[in-house]
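User: I am new to this structure and would like a short tour. Could you show it to me before we start?

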Amino acid sequence: MLKNGSGMTTGGKARKRQYAAPALDKAFMIIELLADEPRGLLASEIAVALGRSLGELFRIIVVMEDAGYLQKSATDDRYSVTYKFLDVAYRATPARSLVQAAQPEMQRLALATGQSCHLVVPKIGEGLVIAREENPGIRGFALRVGASIELTRSCSGGIILAFSAPSVAERMLDRAELTAPAPIGRAALLKRLEEIRRDGFYTRTSPITRGVTDIGCPVIGFDGEFLAALTIPYLELIDGSQLVSIEEARAILLAAAQEISRQLGYYPHEAPAASH
């Protein structure tokens with residue numbers, strides 16, 4: 001079939017990209033597949049899921065394993081993605097400067113409140129925990145680095161959706177809606193996001209963990225754009241031995257988020273003085 005100058009065949013079908021890299025394409029397909037398979041997959045299962053032959057993918061899998069991006073279980077030969085991806089992404093993206101600015105403040109926040117805290121950034125239709133600080137006591141609750149956060153049902157997700165640019169939030173909502181197990185109730189959600197923007201923080205009872213109240217605040221970059229949600233999963237102890245109340249923890253959290261934003265170059269415009 002003939003190809004015209006626009007890169008389309010005369011039959012109207014798009015031709016292959018001019019600079020195809022089949023092996024690289026397959027490597028990306030493997031990574032994206034395994035990202036949704038926490039238990040890992042056998043090499044044969046990867047081939048079946050991607051509609052490829054085992055011989056076509058096996059050398060690529062071995063190379064990725066040798067490079068440290070995949071690991072094979074010693075017990076069942078299943079392949080899974082390693083934390084090397086997270087490490088490379090952390091060092092190669094703006095997340096690094098964000099975490100560097102946030103970590104000391106997160107340490108002070110954990111000490112002052114006696115609670116753990118974590119930092120969550122947007123990741124298409126979900127949130128991604130990129131840093132955490134555990135509470136200094138013997139009891140606590142914390143999320144692991146690399147954990148995915150559901151946007152529409154979490155405190156961090158509410159902060160992300162409320163303070164991201166409207167067009168960005170809309171795209172994230174569309175993506176989240178595609179993968180949600182049930183309707184997200186967009187009208188009620190949008191009303192809640194307006195309240196979060198108005199308050200400048202979000203406090204809600206955890207929908208998953210009994211006894212935990214999530215408190216979140218936005219971290220803003222030098223250009224005024226939203227960067228991350230700083231969140232405390234406030235664990236209320238039965239004996240009342242927590243260092244601070246929820247209201248006190250929220251005030252300390254707000255100050256920490258504002259200080260991180262300041263270190264990243266964000267200085268909010270002061271309101272003009274009232275005329276007399």
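User: Let us begin with D77. Where is D77 found?

Analyst: D77 is found in the loop between β1 and β2 (79-81); strands are DSSP runs of E with at least two residues, helices are runs of H or I with at least four, and both are numbered from the N terminus. This is a predicted model, in which local features need pLDDT of at least 70, side-chain atom pairs count only at pLDDT 80 or more, and totals for chains, interfaces and linings use all residues. Residues are numbered from 1 along each chain as its sequence is written, and side-chain values use heavy atoms, with hydrogens and water left out.

User: What is the phi of D77?

Analyst: The phi of D77 is near 65°, a positive value in a residue other than glycine. Most residues other than glycine have a negative phi.

User: Why does D77 count as partly exposed?

Analyst: Because its relative accessibility is 43%. Buried means under 20% relative accessible area, exposed means over 50%, and partly exposed lies in between, with a 1.4 Å probe and protein chains only.

User: Changing topic, how many aromatic pairs are there?

Analyst: The count comes to one aromatic pair. Rings of Phe, Tyr and Trp (its six-membered ring) pair if their centres lie within 6.5 Å; planes under 30 degrees apart count as stacked, over 60 as edge-to-face and the rest as tilted. Y69 and F85 form the pair, which is tilted, with 4.7 Å centre to centre and 50° between the planes.

User: Which parts of the chain does the pair link?

Analyst: Y69 lies in the loop between α3 (54-66) and β1 (70-72), while F85 belongs to helix α4 (residues 84-92), 16 residues apart. Y69 counts as partly exposed at 24% relative accessibility, and F85 counts as partly exposed at 26%.

User: And what about A228, buried or exposed?

Analyst: A228 counts as buried, at 0% relative accessibility. Its place is in strand β8.

User: Which residues is A228 in contact with?

Analyst: Leaving aside neighbours within four places in sequence, A228 is in contact with L98, L119, V120, V121, C217, P218 and V219. Contact means heavy atoms within 4.5 Å.

User: Which residues touch the most other members of the largest nonpolar core?

Analyst: They are L98, L119, V219 and L230, in a core of 28 residues. A nonpolar core is a set of buried Ala, Val, Leu, Ile, Met, Phe, Trp, Tyr and Cys residues joined through side-chain atoms within 4.5 Å. Among the elements that give two or more residues to this core are α5 (95-113) and β8 (226-235).
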